[in-house]
Amino acid sequence: MEPKTNTATKNTATATATATATAAGAVLQAPGGPAGPGAAGWLRRLWAQDAFVYSLRVFIALSGAMALCWWRDQVALVTPIFLGIIASALAETDDSWRGRLRAVLVMLACFALAASSVQLLLPHPAWFVAGLALSTFGFTMLGAIGERYRAISSATVILALYAAITASPGSVAAHAPAGGPWHVPGLLLAGAAWYALLSLLWCALFPHQPVRQNLARLYDQLGAYLRLKASLFEPVRGVDVERRRLALAQTNGRLVGALNATKESIFSRWGAGARATLPTGRMLRHLNLYFLAQDIHERASSSHHHYNEWADVLFHSDVLYRAQRVLQLQGVDCARIAQALQMHEPFVRDGAVARAMGDLRDAIAYLEAQGRAEWHRPLRSLRALARNLATLDGQLDAAAHPDGGERAGDSSLLDRSPRSLADAWGRVRAQLHPGAPLFRHAVRLSLALAAGHGIMQLIDPVHGYWIPLATLFVCQPTYGATLTRVSQRIAGTAVGLLVGWALLRLFPSLPLQALFAVAAGVLFFVTRTTHYLTATAAITLLVLMCFNQATGAAHGLILPRLWDTMIGSAIAAAAMLWVLPDWQGRRLAAVAARALAAHAHYLREILSQYATGKADDLDYRLARRNAHNADAALSTTLSHLLQEPRHVRSHSLAGMRMLVASHTLLSYLSALGAHRARPAGEAADLAQEAGGYAAERLEALAAGLQRRQVDSGAAVVAGAVAGADGNADVDVDVDVDADAGVAQVRPQAQKQSQSQSQSQTQSRALALAAALEQAADAGALQGGDGAVSAETLRVLQTQVALVCRQLGVIEGAAGALVGKA
């Protein structure tokens, strides 16, 4: 049957699409946008790009090193200095100049230890491979401490292989007259220290630029989320809403990552102020923008009803198109804020959202005047949605003037960095078990490097270090990332060798080749996180040019480099398949359990504020952030799962159901949190009871998922035994006693008893939801002094009812997930 429509609806849809396209184009032209034409505007555009600033720093380091070597007529020393610069740049993380200084000292100490160990152990291959494997495992495990130490640890392992390459007997740098056997480690450390000095000076001269760039990325992600959220309001029958919700959940994961990166960037520069006094000046402005982004995210992720039900009930009205237009324009405003932050210019609003809000209110008022009973509940939710969008619009106004002074309420941030050596060791020790993904990756990478070194000894013990180096860069923590790196590494190496061969033939001049080497190094760092194939081609070209600077015989490096890369990549792929493979399906239930537990805690924090009054304190913001982090982790795990081989992807459909159910629940909780106000008093007792019951059920489901995940191996073994005995069709369940550590067969009668218990819990949730909806429909709720308004109380009751109804969906998704375990 064809969906009904009318001319007004079609015209509204066309007008909305046209207005959205016009508004999106206005991002580049509206007030507060990028600088105008001319040399000054062009330079400001470049300076606003984070990639340009990064590439400028790398260019200064590489060109300075190249100029020094040419000036001293020691071109053979270019390669180890360049490799030291590269390793140092790979260890760089966003930090204040004080934090960067501490990181540089730790980095140089690790680099010195690694380079010295290589120099001592290189003449003894057996000791060298043992030391390489053990140090790789140890440094990889140090990544559990935090992002700063993860980058330093990874760069240290890379530098160890660089030291082996430059100190090997076939290396030109090893025989250069530079003052003794330890000159290669000295040159590597000199290159690392040179870039570290540049990075430290940059942090001191431009302390706020990385924060502003992180804020720009955050608001850009907010804009993308709002525009995608607007697609849920499209009142068209037959639309796959679940697919759109899945895409929204995945976008939310990227948005949460941007929020976390911005928070760490601000905190690293605020430092002790997060526990003492508030910052001032530009840092206060950035802090206000961050808190506003948090509030916008809570309201943007809110849901007040089932949108597909709205599409059926209000199919012949344009009210949902009005709401969609408001969200789209607010998303455009967030993108404009991002551009204003990048260009360091003021953000000026154009009034389009205010006009769209007026149209939305008029449309709601028109529907209310019709007095149709079937529109009663949707209109109540639409009024709540309109208030939410109006408040979000006010937050965008505040983002246009973030210098308005200190934010009201608690402005503290949680310090997630280790506070002591004992704390740091505790984080590492927590990962020292075979079930931890970091432990499995550390073991896998260590054995892969050892295997690569062994094959190198068989094939080419002098020049074959590109085999373990390729293994190191290709071997990633997940199967999908490793497989992607394999193809990109091989293709990028082939492209780089082909381009290098052409440039060597066309431009035999060594000074010109030196410029090519510097340009290739800059291109590598600009593209290494976004276009790995291009980055691989660039670093291959740099190696060819540097080798030709020292020997003039780079053509002999082309084919061995390609074969070594292919062998090293194959080793990494084999290790991913055969050495402690970390299939995401095995962890999916545990990740979902953490998400449900975080949602339950978030719900309890919200309910406590309905009892005591709204307060955006650290406890509430932490519960909200943990819930979104857990939901983002579930989205990331599912994304990795979908990249794995088909035979281990049996959890994919169940995982998608759980992700959509989890994010839908989180959207209901976000709306509940967005409408917090004064204490609700006794009028909200039923909502408090229902919310408490929902939190208990979520915690119980989380505990059940966690237990089944822990014992899934035994359950699978028991199922395999039953299948081997020919009893695969026997109507029994396998249950695992976690205390006894044995698998037990649960007969059908016990299974039916558990099903009846689950049915009773679902019935209670539905009964509580129905009672809350009836109370909200009655509308005869009184509130005295200090009580919440009747309208907000109805929103509380409606949202808790939605949460209770969502419990059944969550339980179904959890059951499907456990059934696949």
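Reply: In this predicted model, Phe-82 is in contact with Leu-62, Ala-65, Met-66, Ala-517, Val-518, Leu-542 and Cys-546, leaving aside its neighbours within four places in sequence. Phe-82 belongs to the largest nonpolar core, which has 99 residues. Together with Ile-86, Tyr-162, Phe-524 and Phe-525, Phe-82 is among the residues that touch the most other members of that core. The greatest contribution to this core comes from helix H7, spanning residues 147–167, which supplies 12 residues.

Val-486 counts as buried because its relative accessibility is 15%, below the 20% cut-off. Beyond its neighbours within four places in sequence, Val-486 is in contact with Val-474, Ser-569 and Ala-573. Of these, Ser-569 lies 83 residues away along the chain, yet the C-alpha atoms of Val-486 and Ser-569 are separated by 5.5 Å.

These details may be set against the whole chain. The protein chain contains 29 helices and two strands, and 51% of its 821 residues are buried. Among contacts between residues at least 6 apart in sequence, 81% join residues at least 24 apart. The protein chain exposes about 34,500 Å², of which carbon and sulfur atoms supply 61%.

Terms used
Residues numbered from 1 in each chain as written. Predicted model: local features only at pLDDT ≥ 70, side-chain atom pairs only at ≥ 80, totals over all residues. Heavy atoms only, no water. Core = buried A, V, L, I, M, F, W, Y, C linked by side-chain atoms within 4.5 Å. Buried < 20%, exposed > 50% of the residue type's maximum accessible area, 1.4 Å probe, protein only. Helix = DSSP H or I, 4+ residues; strand = E, 2+ residues; numbered from the N terminus. Contact = heavy atoms within 4.5 Å. Areas by Shrake-Rupley, 256 points an atom, 1.4 Å probe, with all protein chains shown as cover.
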